[in-house]
Amino acid sequence: MGRDAPASEGPRETPKCPTPYLRAMPAAIVTGSSRGIGAAIAERFAADGYDVVVNYNTSADAAEGTAAAVRDAGQEAVVREADVSEYAGAESLVEAAVEAFGGVDHLVNNAGIDQHVYTADLDPADFDRVMDINVNSAFNCTKAALPELEAAAEAAGGDGASGRDPGPSVTNVSSILAFTGAPIECHYAGSKGALLSLTKSHARDFAPDVRVNAVAPGHVETDMTADRTNEEKEKELAEIPVDRYGRVEDIADAVAYLRDAGFVTGETLNVNGGELMR
Ligand code: NAP
């Protein structure tokens, strides 16, 4: 594992990263970071001093935009096309991180798709596709990154659970629908519920070296929610005590918190404006 591999030519400024126990320039992989929440997470990680592997599946130009924002923040970005529902795609992201940055310190499993259709009309192939992209992707990327994350823990002194040292971690992006269910998107809600079980299982499996948490967003304004009618929006807003939709930065803030919270693992952070209080 190339923990000592140089990230770039020449020295760079001291990172703003709040995890100084890791190597000088920690690195993150953010899946599905061409657009929406993933792009905001990538930018937040760059602001905190992380180099970032920016992943896209179809939106190449948007991914270059995310990478430009990472570079504007003073960090390095590598852009990789990969379908993370395939294990080979996940492996290629880890290879990119090792090649460019010498390892992986944090993984964000954010890539996801949604589809609105009632079960009576739901093609079983579409059920599988949503599960593949929303759940299998997280398993694939986590398994592929695990040796690098464990190496990062060792480099950090293997003290991840002490509270002194947050250590490397994984954050899975779930959804409020994991708890509420959703009649018109049972496969999406089911995939997000499965992610929470995966989170707890991996948190137990990888402890104390690598923490694993989830964030469960409520309604966030992105392409995924852009098809709402005004009437639907009004109805949704009436259910949100803070009286607004989530912003992508709200979710990026939550992921950054979990990344740095050394005594938190196997947890789900709900970020939904109070729509669901658990
Ligand atoms: P979005 O704007 O539609 O972006 C989805 C991202 O996932 C894109 O970057 C897309 O890449 C990527 N992606 C899709 N399939 C992929 C694949 N097979 N391999 C790699 N990347 C893939 O959605 P978003 O709202 O930002 O959602 C991000 C995450 O938050 C998802 O997991 C979603 O379920 C979750 N979430 C969103 C909301 C919400 O209200 N928006 C609420 C709860 C949870 P390309 O464009 O390059 O294909």
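These are my notebook entries on a predicted model.

**Entry 1: the sheet**

I began with the strands. Seven strands form an open sheet, and the pairing is parallel. I read the order as E3-E2-E1-E4-E5-E6-E7. Which strands stand at the edges? I found strand E3 (77-81) and strand E7 (268-271) there. Each has a single partner strand, so one side of each is left without a neighbour in the sheet. Neighbouring strands are turned by 15° against each other on average, direction ignored.

Strand E1 (residues 27-30) pairs with strand E4 (residues 106-109) in the parallel sense, over three bridges. I noted Ile29 opposite Leu107 in E4. Helix H4 packs on the sheet and touches E1, E4 and strand E5 (169-173). The direction of H4 makes about 180° with that of E4.

**Entry 2: H4 against H6**

I stayed with H4 and looked for a helix partner. Helix H4 (residues 124-155) packs with helix H6 (residues 186-206), their axes 9 Å apart. The angle is about 20°. Why do I call H4 roughly parallel to H6? Angles under 35 degrees count as roughly parallel, so this pair qualifies. H4 passes H6 in a right-handed crossing.

I listed the contact residues on both sides. H4 gives Asp126, Phe127, Val130, Met131, Asn134, Val135, Ala138, Phe139 and Thr142. H6 gives His187, Tyr188, Ser191, Lys192, Ala194, Leu195, Leu198 and His202. By class I have ten nonpolar residues, five polar and two charged in the contact of H4 with H6.

**Entry 3: H1 and its two helix contacts**

I moved to H1 and took helix H2 (residues 60-72) as the partner. The axes of H1 and H2 come within 8 Å and cross at roughly 15°. The two helices are therefore roughly parallel to each other. H1 passes H2 in a right-handed crossing. On the H1 side, the contact is made by Ala39, Ala42, Glu43 and Ala46. On the H2 side I noted Thr66, Ala69 and Val70. The residues of this contact divide into five nonpolar, one polar and one charged.

Then I checked H1 against helix H8 (residues 248-260). Their axes are 8 Å apart, and the packing angle is about 50°. H1 and H8 are therefore oblique to each other. The crossing of H1 and H8 is right-handed. From H1 I wrote down Gly36, Ile37, Ala40, Ile41 and Arg44. In H8 they meet Val248, Glu249, Ile251, Ala252, Val255 and Ala256. This contact of H1 with H8 has eight nonpolar residues, one polar and two charged.

**Entry 4: around the ligand**

I turned to the ligand. Which residues come nearest? Of the 29 residues around the ligand, they are Gly32, Gly36, Ser59, Gly112 and Thr222. H1 gives the largest share, three residues.

The shell holds 16 polar residues, ten nonpolar and three charged.

**Entry 5: two backbone points**

The peptide bond from Ala207 to Pro208 is cis, with omega near 0°. Where does Pro208 lie? I placed Pro208 in the loop between H6 and strand E6 (211-217).

Asp243 has a positive phi of about 60°, although it is not a glycine. I found Asp243 in the loop between helix H7 (230-238) and H8.

Note on methods
Residues numbered from 1 in each chain as written. Predicted model: local features only at pLDDT ≥ 70, side-chain atom pairs only at ≥ 80, totals over all residues. Near = placed C-beta within 6 Å. Helix = DSSP H or I, 4+ residues; strand = E, 2+ residues; numbered from the N terminus. Nonpolar A, V, L, I, M, F, W, Y, C, P; charged D, E, K, R; others polar. Axes fitted to C-alpha atoms, helices over the stretch in contact; angles between N-to-C directions. Parallel < 35°, antiparallel > 145°, perpendicular 65-115°, else oblique. Left-handed = near helix turned anticlockwise from the far one by under 90°. Contact = placed C-beta atoms within 7 Å. Pairing = 2+ DSSP bridges.
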